Amino acid sequence: MIVAEAVGRALAACGVETAFGVVGSGNFHVTNALVAGGVRFVAARHEGGAATMADAYARMSGRVGVVSVHQGPGLTNALTGLTEAAKSRTPLIVLAGEATEVQSNFHIDQAALATAVGAVPMRVTSPGEAVSRAAEAYRVAVEERRTVLLNLPLDVQAAPFDGPVEPGSAAVPSPPPGAAGTVPSPGGAPASGGGPVWAGGPAELARLLGEARRPVFIAGRGARHARRELEELAGRAGALLATSAVAKGLFRGSPWDLDVSGGFATPLAAELIRDADLVVAWGCALNMWTTRHGTLIRPGAKVVKVDLDPAAFNAHVPADLGVEGDVAAVAEALAARLTPRQGYRSDEIARRVRAEGRWRDVPYEDESGGGRIDPRTLTIGLDDLLPRERIIAVDSGNFMGYPSMLMDVPDEGGFCFTQAFQSIGLGLATAIGAALARPDRLPVAALGDGGALMGIAELETVVRLGLPMVIVVYDDEAYGAEVHHFGPHGHPLGTVTFPPADLAAIARGHGLAAVTVTEPSDLAGVAEWLNGPRDRPLMVHAKVTGEHGSWWLEEAFKGH
Ligand SMILES: Cc1ncc(C[n+]2csc(CCOP(=O)(O)OP(=O)(O)O)c2C)c(N)n1
Ligand SMILES: [Mg+2]
């Protein structure tokens with residue numbers, strides 16, 4: 001056995017189930033060793049796709065994600081997806097060959113690259129530490145929720161190895177629940193603007209909950225495992241329930257569910273959150289998106305954050321009180337000591353949540369016509385047609401609010417939102433990773449034409465894997481976000497507009513089924529596909545109206 005094989009075997013022994021990658025000479029042996037150890041390997045067509053698939057898979061399965069790449073360009077190709085994962089605190093291990101000879105064409109400073117994007121660099125420097133380094137990479141990824149780059153220098157990889165490949169069981173932790181904390185920014189700059197924060201025990205939070213008249217809970221990534229505990233506590237405190245975008249669906253089915261807080265919030269949710277006198281953020285850092293640049297938090301409202309990572313307390317909207325701990329454990333402990341009260345839960349609020357609690361309840365004027373469908377009409381039509389058991393992945397762009405706001409999801413496992421780096425082009429790979437994590441659900445990728453064409457390398461992967469995916473492209477023949485940003489000011493738009501591209505034909509060329517939608521009646525083609533046999537994925541190429549931008553885009557540009 002050689003060192004590369006020992007590393008692959010050791011990671012398999014740690015409990016890695018699925019790995020993604022693009023195989024070259026520098027990661028050939030380590031990848032084959034993963035497979036020999038029982039790991040499912042998913043070949044992507046671009047390392048960017050592999051990284052995002054692993055990220056999405058980890059988020060939706062709760063297991064560690066693994067990416068295997070060739071040295072140099074294999075790693076640089078993966079970088080955007082790795083940055084997204086690092087910013088999102090996704091437990092991820094990147095296995096990369098490493099050319100340590102500076103004369104090599106493949107040579108770059110891979111450790112510096114990892115550090116620059118918030119990942120943790122490690123290296124196997126001798127055969128004797130192959131297994132312990134692999135176990136350490138696994139531990140840091142899982143326990144510290146970090147993206148770890150494990151560099152495998154080519155000469156060390158090839159060296160003989162003759163020890164045991166099973167790391168001691170004490171060295172291998174099982175995956176813990178997540179947290180919302182922010183990754184330290186490059187250069188060690190603080191992620192927040194300062195301000196006093198004092199860490200208090202749950203007792204202080206119990207007191208605040210016992211006094212609040214209009215409490216709202218906002219649950220984030222670090223609360224995705226804690227629905228039961230949070231619902232129980234919210235019931236006692238009389239709190240309304242909302243989530244950040246990444247936890248969308250967590251409280252689905254509760255009569256007190258306001259859905260997403262922030263740019264995607266309904267007018268009712270925004271109003272009720274703004275009226276709260278106590279906002280408790282559970283595993284949620286309250287960033288500018290979740291709070292609409294802080295405007296959803298009323299001046300004078302008390303803000304509490306419960307998080308595994310105290311770095312979250314002062315990040316973004318700062319907390320008046322920080323409680324360090326696992327969300328489920330803190331909520332459970334508090335529920336036991338809280339006397340039930342009505343709080344925010346009046347009959348009138350219940351009635352309003354029933355009547356106005358979803359974007360679908362908000363009227364709009366259908367602007368379909370002239371061979372183009374209104375994206376809202378398209379999305380509502382799809383929401384009606386697609387089975388409830390779905391998992392939705394959304395790319396970035398002007399269109400992104402339509403699927404995020406108008407398509408319902410069954411629970412927090414029904415929405416995968418890789419938007420911490422705000423990159424376009426990650427949506428299709430996100431849907432693939434999510435689909436593999438949840439084969440029980442219909443995967444839906446919602447993409448703009450720009451993001452679809454950027455990530456199109458993975459179209460063949462969807463077909464090859466036999467995923468019964470619905471890929472919806474909101475095609476406005478433009479980088480709509482830029483068009484609506486700059487158009488109103490009279491700037492030339494030739495750099496951000498494109499001639500029509502026949503995406504349906506491109507999809508068919510890859511072996512997908514495809515329907516082009518230019519008016520609502522064309523959705524009959526989607527219904528037909530859904531009737532079966534669903535033996536190949538479907539692209540819904542929707543030519544959407546694009547006269548004006550979405551209002552959440554205006555909101556987004558405040559963040560630039
Ligand atoms: C990798 C990357 N490149 C460029 C951008 C800037 N950008 C943000 S939205 C956008 C347009 C996306 O176009 P499309 O996917 O068609 O969605 P639309 O805005 O038209 O709805 C661009 C270029 C980005 N966020 N990420
Ligand atoms: Mg577009």
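**Entry 1, conventions.** I count two strands as paired if DSSP finds at least two bridges between them, and I take helices (H or I, at least four residues) and strands (E, at least two) as DSSP runs numbered from the N terminus. The model is predicted, so I note that local features need pLDDT of at least 70 and side-chain atom pairs pLDDT 80 or more, while totals for chains, interfaces and linings use all residues. Residues are numbered from 1 along each chain as its sequence is written, chains are lettered from A and ligands numbered from 1 in the order in which they are written, and side-chain values use heavy atoms, without hydrogens and water.

**Entry 2, strand E11.** Strand E8 (residues 215-219) runs parallel to E11 and is joined to it by five bridges, with Pro215 opposite Leu278. E11 also pairs with strand E12 (residues 302-307), again in the parallel sense and over five bridges, and there Val279 has Val303 as its bridge partner.

E5 and strand E6 (residues 147-153) run parallel and are joined by four bridges; Met122 has Leu150 in E6 as its bridge partner.

Strand E16 (residues 442-448) pairs with E17 in the parallel sense over five bridges, and Ala446 has Val472 in E17 as its bridge partner.

Which residues coordinate the magnesium ion (ligand 2)? I find Asp449 (OD), Asp476 (OD) and Ala478 (O), at 2.0 to 2.1 Å, where donors are N, O and S atoms within 2.8 Å of the metal (3.2 Å for Na, K and Ca), and sites may look incomplete because water is not among the atoms. Asp449 lies in helix H17 (residues 449-454) and Asp476 in the loop between strand E17 (470-475) and helix H19 (480-486), so the pair ties together parts that are 27 residues apart in sequence. Asp449 counts as buried, at 6% relative accessibility.

I list 16 residues around ligand 1 (a heavy atom within 4 Å), the closest being Asn398, Asp449, Gly450, Gly451 and Gly480. Among the polar contacts (N or O pairs within 3.5 Å; within protein, one must be able to donate a hydrogen and the other to accept it, and residues adjacent in sequence count only if both atoms are side-chain atoms), I noted one between an oxygen atom of ligand 1 and an N or O atom in the side chain of Asp449, at 2.6 Å. A nitrogen atom of ligand 1 lies 2.8 Å from a polar backbone atom of Gln422, and a backbone N or O atom of Ala478 is 3.0 Å from an oxygen atom of the ligand.

Methods:
Buried < 20%, exposed > 50% of the residue type's maximum accessible area, 1.4 Å probe, protein only.
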